[in-house]
Amino acid sequence: MKRRVIAAGIALTLGLTATACGEGSGDEESATDGKGKTLTVWIMEGTNPDARPFFKEAAAAFKKKTGADIKVEYQQWATGQKKFTTAIEGGADQVPDVAEVGTTWVPQFAETGALVDVTGKVKESGLGDDLVEGLKDAGTLDGKQYGMPWYAGVRSIVYRKDLFEKHDIKPPTNWKELTAAARTLKEKEPDKVAFPVAGGAEMFATAFIWGAGGELATEKGGKWKSAINSPKSVEGIEYYTGLATKEKLSPAKVNTWTEKEVGDAWNKGQISMAIGGNWTPKAIVEANPDLKGKLGAIPIPGKDGGMSRSFLGGSYLSTFNTENKDLAWEFVKLLTTGEFAAKWAEQTNYFPGQNSELEKVAAKKDPLVEPFAKQMLEAGATVPKTKAYGEIQASQVVPGMIQSILSGKASVQEAADKAAKDMDAIFAKDE
Amino acid sequence: MKPSKTLIDGSGPDAGDTLTAGRPAPANPTTDKAALRRRRRVELTRPWLLLAPALIVLAGLLLWPLIQVGKLSLQDYEVKFGGGVGTFTGFDHYADLLTSGLLWKTVLPNTVFFAVACVGLTIALGTLVALLLNRLGTTWRLICSIAILAAWAMPAVTGTYVWIWLFQPQDGLFSQLAGAAGLIDPATTNWFTERLPFYAIATVNVVHHGFPFVAITVLAGLLTIPKELYEAGMLDGANAWQRFWKITVPTIKPVFLVVTILSTIWDFKVFTQIFVMPGGNGSNPDVYNLGVFSYIEAFAKNDYGAGSAAAVLLTLLLLAITIVYIRTLFRQGEEDL
């Protein structure tokens, strides 16, 4: 059954590309005939440990198909947003033709008019129905889709299977069990962090806000309003920070940790259980081969069972408003579908942005992949889709709130109220 | 042709005669006048011509961005594809900035006290090291110079990570030492979340990075002081302390003024060393300084106007301090004359 679907999909894509070449105006024809043209492509560094061979291969395939060359320029996540903003100011001469754009950046870039609305093209290519819903949604504003979902990741819980077995702990299925498991781990493995409450890791905290039924912000009639200090959100924050402040399951050093430091601690074997992305288990084992076969993963449990929703983040491949935008779309299609999409997902340990590819990954029944796939398909969440939320993230509102609670400078309610005030100020500014 | 040349460079054998005798050039007085005018013109334009390359570079690199920042601080600026749009809002950003509690309670005190501490410690440590280097023999002076230059050459980011690593809560060297000495409980102490310890670590970092420049510059000054002055002082019975304050300091005061001005400017606008530290990137508003504050406003919140206003404030603050220093420097120069 599945094979037939894929076969049909491939046939469809092939058929469409074929017709795309043949149909209509001369414009269309020159779009796919890229002889002598070069596309500039910006790719974020670090997702794929070594992206160069991948792009060499992709460029060769593209050259064969269209005659155009590909020039890949690698960008850093830390400085990427600023670099894009500067290029956008510079206009068509300075922006790349194709770029990897983090989903939370899409609203900001789209608002400037730099990104091409590809809704029509996606529909034409018949790709629309196969896109992972949460990811497609993240890059769609007012019904306009600004690029193709490329890959995605989600956070669940990664734990030391060997320690759980040794101390007879069952993987938790609700928050009460999560606390109990962490308590046992702290007691039996006192030199490891039982459950890091990392003050600098925004997406650790949001899982518990969503898990308690809260929201970061809500939209009403096109206007956003913070909801981070609602009773439900506060309940989630209270539980999460309480693991450190009341239960002492996370020592003070973790208060300023970001996900990077959590990863470093994993590599040193100093963690028993933590929130972690689907890309982390493999990275941990690579850095610390002793842990091979000793890791397990489960979706983040919900408050009373089920799952807590967790941030579904990822990257888009978007085309910019340059004179090569039609040719650029061809390259985007090449990378986000079929062979290259699967290969990229495999090399990076991220999930592809298409349901059909994602199901293939889930079907492999890898115990370190399946729980994440489940989390992604059933309990993924996105942050508010507005330029303002990108600014809220960049000004560290949520980590600031968590850190002020962890360091005892504010009560949960006070900190949440302040975060709400900060969020609303940014929402108001951008209206 | 000949007289004019004589007038310009005054090098002809009869130049003095021509001028002092008041004997008009017999041939034609008009050429003389024209020559005089030309000479004046050359005198006026030559220095500017010579300065022009430097001025053009400075204007391009400094003046133009300065004007842009000033303009931006009076606008609400929105990034648009192919060039942003600014709407003039008058002095709104300045009004918001100057009435914000965060500025007066956190940002300015952090900036000012941190800078004062850093400048004071940098100058003191740098001078002590310079005095030490001055007394050393050639070999040891070379070894010590290389050691301190290594501290100077270290990129700010790298240096900061080293200090973060040393002060890492619980696992860092200093945390373990303080824990072993019973000063803190390493499991419950995180130095990076509190304002004072955070800035104490930042101060150590900045002083460590800044003192080599002071040491080298002051050493250069020390080497110019004639030995006779110290010999005379010793004959008069001055001890080392007195010799330092009565001979060394007054003699190379301009050197101290220059390093103080430069250190002040650098330490007021410290950004990297704060931003890279845990919590320094905006998640802990208690540790904002003007640089980080301006960055967060402009590049995190995309509020370029407010960010620019903060940057202009920092510039004005530095300008005021520099003017005071430079006036002291010039007054010093006049006294010497």
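**Figure 1. Contact of helices α11(A) and α19(A).** In this close-up, A:Thr241, A:Ala244 and A:Thr245 of α11(A) meet A:Ile402, A:Ile405 and A:Leu406 of α19(A); two residues are in contact if their C-beta atoms, placed from the backbone, lie within 7 Å. By class, these residues comprise 4 nonpolar, 2 polar and no charged; Ala, Val, Leu, Ile, Met, Phe, Trp, Tyr, Cys and Pro count as nonpolar, Asp, Glu, Lys and Arg as charged, and the others, Gly among them, as polar. The model is predicted: local features need pLDDT of at least 70, side-chain atom pairs count only at pLDDT 80 or more, and totals for chains, interfaces and linings use all residues. Residues are numbered from 1 along each chain as its sequence is written, while chains are lettered from A and ligands numbered from 1 in the order in which they are written.

**Figure 2. Geometry of the α11(A) and α19(A) pair.** Helix α11 (residues 231-245) of chain A packs against helix α19 (residues 397-406) of chain A at an angle of about 40°, their axes being 10 Å apart. Helices (H or I, at least four residues) and strands (E, at least two) are DSSP runs, numbered from the N terminus; axes are lines fitted to C-alpha atoms, for helices over the stretch in contact, and angles run from 0 to 180 degrees between N-to-C directions. The angle makes α11(A) oblique to α19(A) (under 35 degrees counts as roughly parallel, over 145 as roughly antiparallel, 65 to 115 as roughly perpendicular and the rest as oblique). The crossing of the two helices is right-handed, that is, the near helix is turned clockwise from the far one by less than a right angle.

**Figure 3. Packing of helices α9(B) and α12(B).** The axes of helix α9 (residues 195-222) of chain B and helix α12 (residues 253-268) of chain B come within 10 Å and cross at roughly 160°. α9(B) is therefore roughly antiparallel to α12(B), and the crossing is right-handed. From α9(B), the contact involves B:Val206, B:Gly210, B:Val214, B:Thr217, B:Val218 and B:Gly221; α12(B) contributes B:Val255, B:Val259, B:Ser263, B:Trp266 and B:Asp267. The contact has 6 nonpolar, 4 polar and 1 charged residues.

**Figure 4. Interface of chains A and B.** Here 28 residues of chain B are in contact with 26 residues of chain A. The side of chain B that touches chain A has 10 nonpolar, 14 polar and 4 charged residues.
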